[in-house]
Amino acid sequence: MTVTDTLVPFAEAMERYEPVIGLETHVELGTRTKMFCGCITTFGAEPNSQVCPVCLGLPGSLPVVNRTAIEYTIRIGLALNCTIAEWCRFARKNYFYPDMPKNFQISQYDEPLCTDGYLDVDVDGRTIKVGIERVHLEEDTGKSLHVGGATGRIHGAEYSLVDYNRAGIPLVEIVTKPIAGTGADAPAAARLYVTELRDLLRSLRVSDVRMEEGSLRCDVNTSLAPRGAREWGTRTETKNVNSLRSVERAVQFEIERQAAVLDAGGRVKQETRHFHEDTGTTTAGRSKEEAQDYRYFPEPDLVPVAPPRDWVEQIRAALPEPPAARRARLRAEWGLSETDMTALSNAGALDLVADTVAAGASPADARKWWLGELARRANAAGTELTALAITPAQVARVTELVSAGTLNDKLARQVIDAVLAGEGGPDEVVATRRLAVVSDESALTKAVDDAIAANPDVAAKVRDGKLAAIGPLLGAVMKATRGQADAARVRELILQRLSG
Ligand SMILES: [Zn+2]
C-alpha cells in the first residue's frame, strides 16, 4: 500500500488547528485462568493447548465469571479514581470474527463496572487531568496466523491457522474522555498518558503490561478543529499502536494529515486507520461513518455482578502507593533532580534502581551501574534492562565489593559480564576467576620494583620530577597483576620508590 497523503508540517498545523485526542487501551489481565472458564493463560504455549468447550464456544457450555478478574478490574477502577458500579451486567456484542469461536464477544455495554475517573499526567511540568470515561471487562479473541505470504498479513497468504489459547483471556478496556487543550503537546500527552497508565497497572500487579507481547494495546483517536472553533472535528481511530513511541508518532502523523485535508477544503472521514511502525504513517481502514449494529443485549448465561461494598473498600485499602507519589518520594530520598528521575523512568530503570538500593547499594552507585554499563549491555543485546540476566541484589553485591576495595571498576565490569554470561553470582565469579584486586603489598612492591628495573629511562625521568612520564611504569605493573591492582595505590608506590 502506498501512502500518498499530503502533510502539513506539525508546527504549521498547530498555528491553525487545535487537536483533541482520546485513548482506548486494552489490557490483558494477568489472572491464572481465563475470564469465563478454568483454562490456563500462560503466554507462548503450544497452539490450542489451553482451550475447553467454554472458550471454544461449543454448544451447551456455560461461562462462569472469574472472581479475580473482577477484583483486578475494581483495583484498576479505584486507582483511576472511578466510581465502582453497585450492580452491572455483561453484554453480548455480536459480530463475526474468525478467531472468535462463539461469533459474539462477552463484553460490557451500557453497564460498565467502573465509570467517571481521572488520571493525572505530567506533561513537561504541567499536570493534565485526563478524564476516564469507563473501565470495562471483556474477553480477548484468539489469534490468526496467516501462512505463505510475504508480510504475515492475510493478503497474499495461502492459508490461515487459528490459535484459541488467547480466546477468553480477561481483557480490560480503559477509555478516556476527549482530551482537549493540549495543543502542540498532544502527541507527547498521548504517549505520557499511556506511560503513566502502564506504570500504574504495573504497580497494581494486574498485568505484565508488555506492549510488544500485546498485553497492552492502544487505539488512538485524533481530531482537529480550526482554532477558536466551537465544535470539535471528526475523529479517526488509529488501531493497535504497539509502542509508546508509536502512540506519539500516530497522533503527530494524524494531525499533519488531517490539517492537509482541512486546508484543502476537504472533510476528515470518520474511520479506523492502521499505524505502520516502519514509516510512522497511518492508512485508512474500515469506515465508521455508518455506525455498526452489534445488537448488544444482556448476556443471558451470566448473572449480574454486584460487588459488595465492603469488598470494594477492602480492595481500596490495599491499593499500593501510586507511581507518581512513589517517584516523588524516591526522588527526595535519593536527592535526584527531576531530569535525573525522568532519565531513570525513561530507561525503565526506576524499579531496578529502587530494588538495588533496597538490597544495600547507594542510590548513586545503583544509578551509575544501571544507566551506565548495564544500559550499554542491554542496548548492545537489543533488549530491555529488565531482561538482563542479573538481579538488583547481584548489582548491589558488585557495588559492595567495589566499596570494600575487593574490586576496582574494571574488575567489576568483568564480574558483571560473567554474571550476565551465567557463570553464577558475583561472589562465585570473583572466587572462580580469582578477580579480586591485588592488595598484597609485598606482591605489589615486587611488581613495582620489577617495572622500575625494566624501564630505567622512564624511572629516571620520573625521578627528575616529570610525573607525566609515569605511564609505562603503571602499565607494566597493571600488566604484571593482570589488571587486578588498584591503580591509585600502584601510582603511590612507584612515586614512593622513586622519591628516595
Ligand atoms: Zn477454556
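The largest nonpolar core in this predicted model has 74 residues, and those with the most contacts inside it are Ile 76, Leu 80, Ile 174 and Tyr 193. By a nonpolar core I mean a set of buried Ala, Val, Leu, Ile, Met, Phe, Trp, Tyr and Cys residues joined through side-chain atoms within 4.5 Å, where buried stands for under 20% relative accessible area, exposed for over 50%, and partly exposed for what lies in between, with a 1.4 Å probe and protein chains only. Helix α3, residues 186-204, supplies the largest share of this core, 9 residues; helices here are DSSP runs of H or I with at least four residues, strands are runs of E with at least two, and both are numbered from the N terminus. If we leave aside residues up to four places away in sequence, Ile 76 touches Leu 29, Val 135, Val 172, Ile 174, Leu 201, Leu 204 and Val 206, a contact being heavy atoms within 4.5 Å. Apart from this core lies another, of 34 residues, with Leu 336 and Trp 369 among them.

Before I go on, a word on the basis. Residues are numbered from 1 along each chain as its sequence is written, and side-chain values use heavy atoms, leaving out hydrogens and water. Because this is a predicted model, local features need pLDDT of at least 70 and side-chain atom pairs count only at pLDDT 80 or more, while totals for chains, interfaces and linings use all residues.

Next, the metal. The zinc ion is coordinated by the SG atoms of Cys 37, Cys 39, Cys 52 and Cys 55, at 2.3 to 2.4 Å; donors are N, O and S atoms within 2.8 Å of the metal (3.2 Å for Na, K and Ca), and since water is not among the atoms, sites may look incomplete. Cys 37 and Cys 52 both lie in the loop between β1 and α2, so the pair ties together parts that are 15 residues apart in sequence. Cys 37 counts as buried, at 14% relative accessibility, and Cys 52 is buried as well, at 18%.

Finally, the sheet. This open sheet of 9 strands has mixed pairing, in the order β2-β5-β6-β9-β1-β10-β11-β12-β13, and two strands pair if DSSP finds at least two bridges between them. At the edges stand β2 and β13, each with a single partner strand, so one side of each is left without a neighbour in the sheet. Strands β12 and β13 run antiparallel, joined by 5 bridges, whereas β11 and β12 pair in the parallel sense over 3 bridges.
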